[in-house]
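Welcome! Please take a look at the structure below, and then we can walk through it together, topic by topic.

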Amino acid sequence: ESYDDCWLRYEPADGERRESYRTRCENVYASVGSPELGAVRDELRRAMTGLLEREPHLWQHPPRSVEGFLAVGTPDEMEMIADSVSTDRVAALGDGGFRIRSVEWEGAECVVVTASTDRGLVYGTFHLLRRMANGHPIDDLDVTEEPANHERVIDHWDDPFRRSVERGYAGPSIFDWERLPDLRERYVDYARLLASVGINGVVLNNVNTKIPGRGSANEFVSGKAGWQLLTQDGLEKVAALASVFRRYGVRPYLSVNYAAPMLIDDYDTADPLDPDVEEWWARKAEEVYDAIPDFGGFLVKADSEGQNGPYDYDRTHAEGANVLARALEPHGGRVWWRAFVYADHDDRAVQAYETFEPLDGEFLDNVTLQVKNGPIDFQPREPVSTLFGAMDGTDLACELQITQEYTGQGVHTCYLVPQWKEVLDFDTHASGEGSPAKDVFSGSEGAGIAGVGVVGEDPTWTGNYLSQANLYGFGRLAWDPDLDTETVTDEWVRQTFGGDPAVIDTVSGILHDSLPATVDYETGGLGLIHMMYNGEARLENHYDPSPAEWPGYHGATEDGIGIDRTSGGSGYVGQYHEPVAETYDDPETCPEELLLFFHHLPWEYELADGTTVVQRLYDNCFSGVEVVRDLRERWQALAGRIDDRRYRHVAERLEEQVVQAERWRDTLVAFFYEHSEIPDEHGRVPLTESNRAVPPRED
Ligand code: BDP
C-alpha cells in the first residue's frame, strides 16, 4: 500500500530553475558519520532525484571538475565549509539553527548548508529543499535561522497495543507496539515529515495512560495500556523507535501514569513525598536512559478525567511534578505537566488559573507546564488562556490541537493556522502593551509548543488531504511563530499541489475561508462553546450538533444566552491583565466574536450595527453553510487540474461537510428559536418541513 508523500513530493522543478538547481545540487558533498547525516544523505538523494530528475552524485570529499555542488556539514568536519562561512557565526547558532549560503569555491558555484549541530544540518537541508520545491532561486542565498521555540513537540494520543487513537480520525495508530522492536518504513516517513517542519519531539502515547472506565489504579487494570511502555519490554520497543527518530533530530517522550509505581511494581502508594516512591522514579529514569540516551522526558495528565495524580495523596501539582523532575534531572530529561484539570468551581474557565497560578515558582527548572490554548477545551473559538502571562516563574508550553476533534474531525476542511496565529499573537499585556503570548513560549529552554497529533494509518496520514496543512502549519509556526498565515499556506499548497497559479489560488482561498465558516455554523460566531453532541460512548462523539446537552456552557434561557464571566459573574475576566480585562468585561467593548463567552445577554441585545444577538446568530449559521457550499464549488473547479485521487477524495468530503454544516445550522437555529421564540427577520426560522435541509439526529 502506498502512503501519500504529503508536502515532500519533490516534483520536477520548472525548466528555468532546473538548470541552476542542477548546477548547484547534482553533486552533493556531505559528511558522514552521525545518524543525522545518514538521514540528510537519504533525503537529498530522494529529493534531488525528484526535483532535478537526475540522481545526484554523493561525495565524501569536495568534487573536482564540476560546475558546482552542494555541501552539507559542520565547519569542524569540512574545511571547504569553514572556508565559506564565518565559523564564529555558525558556532553561535543555538541547537537546531543553521546557515545556508551560495558561494563560489575554487571556481565552482556552490550552496553551503551548515550548522553547529547535526540536527541543525537536518533542518538546514529541509529548508533548502523547501525553497527548491517552492521554485525559489538558490544562487544568491544568505539565510540564517534558529528555532524560536526550543521545544516543538507532537503529543500522540495513540493507545498502545490497541492501535486506536483517541481523537484520531485517520485510522489506527501508525505505531505497531505488538510488532515493535520490528520497524516499519512508515516510521521513517513520519520522522521525515516531522523534521521537515522542525518538530523535535514526539510523545508516543496517549495522556490517558490506563484503560478508561476501569476504576482506580489500585484495582488492577487488565490488558495492555500506555503505562506498560515503562516496563523493560516496553522500553525496548521505545528504543527501537528512538533509533529511527534520532536520525531526524526527534526525541521520544512517554506519557506516564502517575500511579506507575503501583501499576508496574505493586507499590501501595504513589505519594510523591514518599521516599520509596521517589526512589522508584529515580530508578525508572535510569532504566529509561540506559535504553534511550536521548529520551526527552515524561508527559503527565494528572488528576484529570479519571487519571491518577498527587491529589490522591493531598499533594499539590508542584509536589507531584517535582518528584518526576528530580528523577529525570541527572539525565537532562523534562517533565511536561498538563494544566488540563477540573477543579471545584461552577465555571470551568477559571479552573486552570486558580489551580496553577498560585504554584508559580514552585516547579523545578525541568518542569514545563503545558497549557491548552484556551481556558476550556479546543473549541472552534475560545479566548486565549489566562495562564499565558501569569506565570513568570514557570516554563510554559502552549498546547494546540492539530487533530480536529471539535472542528469536523476527519471530514471537514478546517484550516487551523489562523486560529493558532491569533493565540500566538494575542497581547497578554503581562508587561504592558506588546506582550504577545508567543513570547512566553519562546522565552527559555524549557518552554515551547505542543500539538495533539493527527496522523494515522490512512494513506492520507491525516484523514483528509487538506488536513495535512494543519500538521505542516503547526510545525512551521512552532519553529517560527512570526511567519504569517499566507506564507505558510502558500508554501504548503505549492509543495503539495504544485505551481499551477489557479490551483494555488483556489486551494489557499479554500483554506483561508474554512475556519470562519466552521465557527459560524458550529457556534453562531459570537463566542458560544460546547454546542456539540457528546453521547454515552466512551469516546464521546463531538462531531454532531446537540446544544441542548450543555446548558452550563452556553447559558441559553428564555431571556437570553451566553455565560456571565464578567466581574459581576464568574469573575473569569479578572484573570486577564488590564486593559484586556476591562475590554472583555463590558459588552460594548468586548469583541463580538467572544461576546457570549463573557456575557449573558438578552436575545434582542443590539450589536454595534444595530442587529440583535439572535438575528446575528441566525445570520452567521446560515452564512457559514453558504461559505461551505461555495468551498465545495471552488474545489469542483479544480477537476482535471490536480490528480484524480486527491481531487475526488476532497470533493467527497466537501459534499459531506455541506450536509453536516446544514445539520449544524438547523439544529442551532432551531435551538435559538426554541428559547427565544423570536423568528428570523428573513423568514428562515422557525424552520419548516420544506426548508429544513436534513432532519436532526434522533437520539
Ligand atoms: C478532550 C478530549 C479527550 C482528551 C482530553 C485531554 O475530548 O479525549 O482526553 O481532552 O486533553 O478534548 O486530556
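The centres of domain 1 and domain 2, taken over C-alpha atoms, are separated by 34 Å; the domain bounds come from an automatic or database domain assignment. Ten residues of domain 1 and nine residues of domain 2 make up the contact, where two residues are in contact if their C-beta atoms, placed from the backbone, lie within 7 Å. This is a predicted model, in which local features need pLDDT of at least 70 and side-chain atom pairs count only at pLDDT 80 or more, while totals for chains, interfaces and linings use all residues. Residues are numbered from 1 along each chain as its sequence is written.

**Domains and how they touch**

- The protein is divided into domain 1 (15-145), domain 2 (151-484) and domain 3 (519-563 + 600-676).
- On the side of domain 1 that touches domain 2, helix H2 (35-51) and helix H5 (118-133) each supply at least two residues; helices (H or I, at least four residues) and strands (E, at least two) are DSSP runs, numbered from the N terminus.
- H2 gives the most to this side of domain 1, with five residues.
- Sorted by class, this side of domain 1 has five nonpolar, two polar and three charged residues. Here Ala, Val, Leu, Ile, Met, Phe, Trp, Tyr, Cys and Pro count as nonpolar, Asp, Glu, Lys and Arg as charged, and the others, Gly among them, as polar.

**A feature from UniProt**

- An unreviewed UniProt entry places the feature "domain: Alpha glucuronidase N-terminal" at residues 6-128. UniProt positions are given in the numbering used here, feature names are shortened, and annotations may be inferred rather than shown by experiment.
- Over residues 6-128 the chain is 41% helix and 22% strand, with its end C-alpha atoms 17 Å apart.

**The nonpolar core**

- In soluble globular proteins, nonpolar side chains tend to be buried together.
- The largest nonpolar core here has 203 residues. Such a core is a set of buried Ala, Val, Leu, Ile, Met, Phe, Trp, Tyr and Cys residues joined through C-beta atoms within 7 Å.
- A residue is buried if 20 or more other C-beta atoms lie within 10 Å of its own, exposed if 12 or fewer, and partly exposed in between, with C-beta atoms placed from the backbone.
- Leu194, Leu324, Val335, Leu387 and Leu396 have the most contacts inside this core.
- Helix H20 (residues 613-636) provides the largest share of this core, nine residues.
- Apart from neighbours within four places in sequence, Leu194 is in contact with Ile154, Ile199, Val202, Tyr248, Val250 and Gly475.

**Around the ligand**

- Which residues surround the ligand? They are Glu166, Arg167, Val207, Asn208, Lys301, Glu305, Phe340, Asp377, Phe378 and Glu405; a residue is near a molecule or strand if its C-beta atom, placed from the backbone, lies within 6 Å of it.
- This shell divides into three nonpolar, one polar and six charged residues.

**Backbone details to look for**

- The peptide bond from Leu180 to Pro181 is cis, with omega near 10°, and Pro181 sits in the loop between E9 and H6.
- Another cis peptide bond runs from Val685 to Pro686, with omega near 5°.
- Phe161 has a phi near 70°, a positive value in a residue other than glycine, and is found in the loop between strand E8 (158-159) and E9.
- Is Phe161 buried or partly exposed? Phe161 is partly exposed, because 19 other C-beta atoms lie within 10 Å.
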